[in-house]
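Open the model in your viewer and keep the selection tool at hand. We will go through it stop by stop.

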Amino acid sequence: MQPKAPNADVFIVGGGPAGLAAAIAARLKGFDVVVADAAQPPIDKACGEGLMPDSLEALRQLGVVVDPRQSFSFRGIRFLGDGGIAAADFPREHGIAVRRLRLHQLLIDRARELSVTLLWRTHVTNIRDVRARWIVGADGGNSRVRRSASLDDIRSESHRYGFRRHFRVRPWSDFVEVYWGSGCQMYVTGVAHDEMLIGLLTRDPHMRLNDALPHFPELARKLQGADTLSEERGAITVMRRLRRVYRGNIALIGDASGSVDAITGEGMGLAFRQALALADALAADNLDQYQAAHARLARRPAFMAQLMLMLDRFPRLRPLVLRTFGAKPVIFERLLAVHVGA
């Protein structure tokens, strides 16, 4: 069905973190904003749930503050693999990990506080019938808005598979840990004082967490006997670049506008920064400005994703890189500083 909504300055299709961030940013510029989503909160999906320091700064600009008691602060990144162990701290601020459901609710609460109109269980079947000055597609990697606006022209694309599950176990490290194995990576972080997220990234569509864990005996030992707190969720993680992210009065944001591999931990944070850039462009009545900002924001995460995926594609290179990072941690520290925009 079509949404029964009043005329709006900005109509956003998709009420996930990207769509809500876009709504909040636009509302802060004084626009009347409507968000429509076919689902009803809570809306969950496979997600790394980590927010890098620059992502936290974008959240603060949106007026969203995560309760430290419902999140987990991490100081940096630790790689573990055949070449040994390498770790690096963020140059200034810590990052945090927070359950996606908790973060989604915080964004909903902030949108409501700003009087954004939220239309849940509302299917938008034809964007041509939407009455709004601006239409924003925040409806994910398989965006219907993107197809309707003829913005599916892709510069480059590659796929992997991601799975995640939560366990009742006290975090044993204040790093996000990435375990490098043959054809896959496991990433591990606390998301609260007694909860941990365990994720799997692989090119094998048939591999699942239980299949991968035996290849990482130290990690399997730490999780032995721990209660599970969520079902295993999976998704395709995509490296995708589009030629354009707007046409006419229609703009794309979040995964609808392109994406980086989940190994970067930048999915949600990138969407938050895009939301701020989009709001600036709407206020300037200039979506060319958003196109340029979108390309600039994607450049660094895409570069870092390509570097890390090299370690996946070329396993003989990985031990050398890990040994180098371990022996000369300043190299890893500088790369991590670039990764978070420092």
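A residue counts as buried when its relative accessible area is under 20%, as exposed over 50%, and as partly exposed in between. Keep in mind throughout that this is a predicted model.

**Stop one: Asp54.** Select helix H2, residues 53-61; Asp54 is in it. Is Asp54 buried or exposed? Its relative accessibility is 14%, so Asp54 is buried. Now show its side chain together with that of Arg273. The two side chains make a polar contact at 3.4 Å. Leaving out residues up to four places away in sequence, Asp54 touches Glu266, Arg273, Arg300, His339 and Val340.

**Stop two: the cysteines.** Cys47 has 11% relative accessibility, so Cys47 counts as buried. Cys184 is at 2% and counts as buried too.

**Stop three: a surface patch.** Switch to a surface view and select Phe303, Leu307, Met310 and Phe314. These residues form a nonpolar patch on the surface, and their accessible area together is about 370 Å². Pick out Leu307, which lies in helix H8, residues 287-313. With a relative accessible area of 31%, Leu307 is partly exposed.

Note on methods. Residues are numbered from 1 along each chain as its sequence is written. This is a predicted model: local features need pLDDT of at least 70, side-chain atom pairs count only at pLDDT 80 or more; totals for chains, interfaces and linings use all residues. Side-chain values use heavy atoms; hydrogens and water are left out. Buried means under 20% relative accessible area, exposed over 50%, partly exposed in between (1.4 Å probe, protein chains only). Patches are made of residues with over 30% relative accessible area and no salt bridge: like charges are joined within 9 Å, nonpolar side chains (Val, Leu, Ile, Met, Phe, Trp, Tyr) within 5 Å. Accessible areas come from the Shrake-Rupley method with a 1.4 Å probe; for residues, only the protein chains shown count as cover. A salt bridge is a side-chain nitrogen of Lys or Arg within 4 Å of a carboxyl oxygen of Asp or Glu. Helices (H or I, at least four residues) and strands (E, at least two) are DSSP runs, numbered from the N terminus. A polar contact is a pair of N or O atoms within 3.5 Å; within protein, one must be able to donate a hydrogen and the other to accept it, and residues adjacent in sequence count only if both atoms are side-chain atoms. Contact means heavy atoms within 4.5 Å.
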